[in-house]
Amino acid sequence: MLVIVIDELRADHTSLLGYDRETTPNLAALAREGVVFERAFSPAPWDVPAHVALLSGCDPTIAERYLPASAPRPVSLRWRFPAGAPSLPEEMLRSGRTTAAFSDSLLLGPTLGFQRGFETFDLLESRDVRGPDDFGAVGVLARFRRWLSELPEGQGWFAYVQLGDLTREWSSNDEWGRRFEPRAELDFAPPVSDSFETFFAIPRPRWIGAYCTLGEYESYYDGALARVDDALGKLFAQLRTRPDFAELSIVVVSSHGFSFGEDGLVLDHGQLNDADLRALFVVRPADRLARAARGVRVPSTISLLDLAPTLLELVGQTPPAAMHGSSLAAALDAAHGTLTLPPERRVFARFARLDGFAVRSDQSEYRWLRTWRSDRGYSQRAWFGGKFPQAPRPFEEWRPRGAHAAADGARSSDADSAARNAEYEAARVWYERAERDRRTYWAEDFEQLPEAERAAAQAPVPAR
């Protein structure tokens with residue numbers, strides 16, 4: 001079982017999901033041999049909580065430690081993969097497979113507990129880079145290949161490969177950066193901010209230090225994505241030559257997306273929109289599965305939380321009851337037919353740049369934001385362009401989808417209000433459940449909070 005996770009991969013920039021540039025021909029070829037979940041969403045628009053969801057099958061709330069309001073909140077203190085939570089690699093170990101992880105992101109290292117369940121945890125650090133073949137996808141995949149070549153014949157395995165190429169600077173310095181022509185409609189240069197995170201401007205770390213239009217940035221990004229796809233194509237070709245390829249299932253997902261100006265974020269991520277939350281989710285089941293689905297597209301709304309229970313069921317393991325996600329293994333069985341999920345099923349997301357949450361289903365999309373609340377004051381100032389409003393009100397948006405959107409003209413204001421209330425209530429129930437699980441993993445930290453902060457933590461979705 002091979003799981004490849006690409007950070008900051010914007011799903012609608014993949015040609016296999018209809019993008020007008022040929023960015024991912026190798027992933028498209030893989031998709032024709034398996035199943036594409038067309039409406040997959042991340043539960044958080046940044047790396048750490050998204051990977052928690054993928055590796056635990058739980059809402060990432062469970063990995064946020066309880067800290068007093070007065071305490072500093074660096075990522076290394078705020079987040080930790082909890083020892084008692086479900087773990088996909090641990091379950092794979094119990095099934096008799098050896099496990100390994102390969103990453104080039106320091107955020108996903110042992111400091112935050114991501115090594116749990118992996119017998120081998122290979123973190124590619126800057127000091128390990130000796131040349132271009134050691135860096136990025138090429139270097140990470142080379143380390144995975146080397147580990148795989150050294151396994152004893154017949155040994156079952158599970159590998160988790162994280163690729164961060166799209167999180168770094170992209171430019172036109174190679175053939176990939178010049179692969180696509182910039183779009184004329186994006187022929188303008190956004191302002192640059194001195195902040196690490198900001199709204200309505202390019203954050204300083206993303207600026208390449210030249211007068212560059214948004215269209216050029218987008219073409220460089222698409223070129224970097226095509227380069228990652230090329231590296232994956234070479235890996236897939238090599239895997240096909242292995243005698244155990246018939247036993248191999250391959251999964252490619254993105255942890256979250258990326259914005260080119262949507263909701264005020266320019267060359268950044270951290271909002272609860274489709275640009276940042278819609279995820280790539282492709283599964284190529286092993287050939288040994290006699291009824292493995294091939295060339296199937298699933299339009300149902302799903303979450304990255306569903307990955308862990310799906311893979312465990314695929315290898316014959318029963319997913320732990322504590323996982324919040326649902327198995328999608330039925331979609332990988334051609335004999336089962338089209339996957340049908342309950343029409344009322346919703347997926348949830350939060351941990352955005354601005355406080356709030358999002359709810360999605362096949363019928364509708366809903367967002368609720370307290371735009372004046374953020375961990376970083378400069379994000380708030382950038383959003384409001386100066387002083388905060390005297391009496392801020394939450395931003396609330398509900399939109400119907402598909403056939404429901406076509407019939408929306410006949411909706412009354414009472415029906416609209418009822419729909420908003422239903423989505424809000426669903427989010428409250430979901431996050432209170434996640435909060436209860438969080439308290440079981442961080443009970444000692446919770447008890448050390450001041451009483452008022454304990455009460456606030458138990459109501460993660462505030463009164464509407």
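Biologist: Which residue of β5 is the bridge partner of Ile4?

Modeller: Please note at the outset that this is a predicted model. Strand β1, residues 2–6, pairs with β5 in the parallel sense over 5 bridges. Within that pairing, the partner of Ile4 in β5 is Val161.

Biologist: Which residue of β5 stands opposite Thr99?

Modeller: β3 and β5 are joined by 5 bridges and run parallel. In β5, the residue opposite Thr99 is Phe158.

Biologist: How many residues of β5 are buried, and which of them lie on the side with Phe158?

Modeller: In a regular strand, side chains alternate between the two faces of the sheet. In β5, one side carries Trp157, Ala159, Val161 and Leu163, and both faces are covered. The strand is largely enclosed by the rest of the structure, because 7 of its 7 residues are buried. On the side with Phe158 the buried residues are Phe158, Tyr160 and Gln162.

Biologist: Which elements each supply at least two residues to the lining of the largest cavity, and what is its volume?

Modeller: The structure holds 2 cavities of 30 Å³ or more. The lining of the largest one includes His51, Leu55, Ala101, Ser103, Tyr160 and Gln162. The elements that each supply at least two lining residues are α2 (47–56), β3 (98–103) and β5 (157–163). The volume of this largest cavity is about 60 Å³.

Biologist: Which residue of β13 stands opposite Arg39?

Modeller: Strand β2, residues 35–41, is mostly covered, with 6 of its 7 residues buried. It pairs with strand β13, residues 296–303, in the parallel sense over 6 bridges. The residue of β13 opposite Arg39 is Thr301.

Biologist: Is Ser254 buried or exposed, and what is the distance from a polar atom of its side chain to the backbone nitrogen of Leu280?

Modeller: Ser254 belongs to strand β8, residues 250–254. Its relative accessible area is 0%, so Ser254 is buried. Beyond its neighbours within four places in sequence, Ser254 is in contact with Val5, Ile6, Leu9, Arg278, Ala279, Leu280 and Leu304. From a polar atom of the Ser254 side chain to the backbone nitrogen of Leu280, the distance is 2.7 Å.

Biologist: Why does Arg206 count as buried?

Modeller: Arg206 lies in the loop between β7 (202–203) and α6 (214–239). Leaving aside neighbours within four places in sequence, its contacts include Glu8, Glu169, Trp170, Tyr217 and Phe258. Buried means under 20% relative accessible area. Arg206 therefore counts as buried, its relative accessibility being 10%.

Biologist: Is Gly84 buried or exposed, and with which residues is it in contact, leaving aside neighbours within four places in sequence?

Modeller: Gly84 is found in the loop between α3 (75–78) and α4 (88–94). With a relative accessible area of 56%, Gly84 is exposed. The C-alpha atoms of Gly84 and Asp306 are separated by 19 Å, the two residues being 222 residues apart along the chain. Leaving aside those sequence neighbours, Gly84 is in contact with Arg116 and Tyr441.

Biologist: In what order do the 4 strands of the open sheet lie, and which are its edge strands?

Modeller: The pairing in this open sheet is antiparallel, and the order is β14-β15-β16-β17. An edge strand pairs on one side only, which here applies to β14 (347–349) and β17 (395–400).

Biologist: What angle does the direction of helix α11 make with that of β17?

Modeller: Within the sheet, strands β15 (residues 355–360) and β16 (residues 364–370) run antiparallel and are joined by 6 bridges. Val359 has Tyr366 as its bridge partner in β16. Helix α11, residues 413–441, packs on the sheet and touches β14, β15, β16 and β17. The angle between the directions of α11 and β17 is about 110°.

Note on methods: Residues are numbered from 1 along each chain as its sequence is written. This is a predicted model: local features need pLDDT of at least 70, side-chain atom pairs count only at pLDDT 80 or more; totals for chains, interfaces and linings use all residues. Side-chain values use heavy atoms; hydrogens and water are left out. Buried means under 20% relative accessible area, exposed over 50%, partly exposed in between (1.4 Å probe, protein chains only). A polar contact is a pair of N or O atoms within 3.5 Å; within protein, one must be able to donate a hydrogen and the other to accept it, and residues adjacent in sequence count only if both atoms are side-chain atoms. Contact means heavy atoms within 4.5 Å. Two strands pair if DSSP finds at least two bridges between them. Axes are lines fitted to C-alpha atoms, for helices over the stretch in contact, and angles run from 0 to 180 degrees between N-to-C directions. On a 1 Å grid over the protein atoms alone, a cavity is a set of points where a 1.4 Å probe fits but cannot get out, and a pocket is an open set with protein on both sides within 12 Å along at least five of seven lines; lining residues have an atom within 4 Å of a point. Grid points are joined across faces, edges and corners, and a volume is the space filled by probe spheres set on the points.
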